[in-house]
Amino acid sequence: MNAMKNRVQLIGNVGQDPEIRTLDNGRKLAHLSIATNETYKNDKGEKVEQTEWHRVTAWGKTAEIIERFVVKGKEVAVDGKLTHRSYDDKNGEKRYVTEVVVNEILLLK
């Protein structure tokens, strides 16, 4: 059961080209957004499509794979964990971020 704790799996489309950074120690960091879509019928029987956006972060070898193969519009599946963090922006205001930190990525279509 421990393998299921704080586990997130998403299949969706990349919203924009990933942002890749190389840190001082040479390790890669990738940030990207993934859109997931859900379709359902409302009370009137009309088809409604709902899109959710997810902030995704990857490190090391996974970030290198993203840098080489992932572009805007690419369909991907990711497996990772949900994290929350905060930081102070340049104006000194506290900002909060929720993101999926990727352990594995699968390139689709």
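This is a predicted model: local features need pLDDT of at least 70, side-chain atom pairs count only at pLDDT 80 or more; totals for chains, interfaces and linings use all residues.

Reader: Why is the pair of Glu67 and Lys28 called a salt bridge?

Author: The label requires a side-chain nitrogen of Lys or Arg within 4 Å of a carboxyl oxygen of Asp or Glu. For Glu67 and Lys28 the N to O distance is 3.1 Å, so the pair meets the definition. The two residues stand 39 residues apart, with Glu67 in helix H1 and Lys28 in strand E3.

Reader: What makes Glu99 and Arg85 a salt bridge, and which parts of the chain does the pair tie together?

Author: Their side chains meet at 2.9 Å, N to O, and the limit is 4 Å, so the label applies. Glu99 belongs to strand E6 and Arg85 to strand E5, so the pair ties together parts 14 residues apart in sequence. Glu99 has a relative accessibility of 5% and is therefore buried, whereas Arg85, at 35%, is partly exposed.

Reader: How do you know that Arg95 and Asp89 form a salt bridge?

Author: The N to O distance between their side chains is 3.0 Å, and the definition asks for a distance within 4 Å, so the pair qualifies. Asp89 has 16% relative accessibility and therefore counts as buried; Arg95 has 38% and therefore counts as partly exposed. Elsewhere, salt bridges with shared partners join Arg55, Arg85 and Glu99 into one network. By the salt-bridge rule, the count is eight.

Reader: Which residues make the nonpolar surface patch, and why can Ile65 belong to a patch?

Author: Ile65, Phe69 and Leu107 make a nonpolar surface patch of about 240 Å². Patch residues need over 30% relative accessible area and no salt bridge. Ile65 has a relative accessible area of 36%, so Ile65 passes the area limit. Ile65 lies in helix H1, which covers residues 60-69.

Reader: How many of the residues in the chain are buried, as a percentage?

Author: Of the 109 residues, 33% are buried.

Definitions and conventions:
Residues are numbered from 1 along each chain as its sequence is written. Side-chain values use heavy atoms; hydrogens and water are left out. Patches are made of residues with over 30% relative accessible area and no salt bridge: like charges are joined within 9 Å, nonpolar side chains (Val, Leu, Ile, Met, Phe, Trp, Tyr) within 5 Å. Accessible areas come from the Shrake-Rupley method with a 1.4 Å probe; for residues, only the protein chains shown count as cover. Helices (H or I, at least four residues) and strands (E, at least two) are DSSP runs, numbered from the N terminus. Buried means under 20% relative accessible area, exposed over 50%, partly exposed in between (1.4 Å probe, protein chains only).
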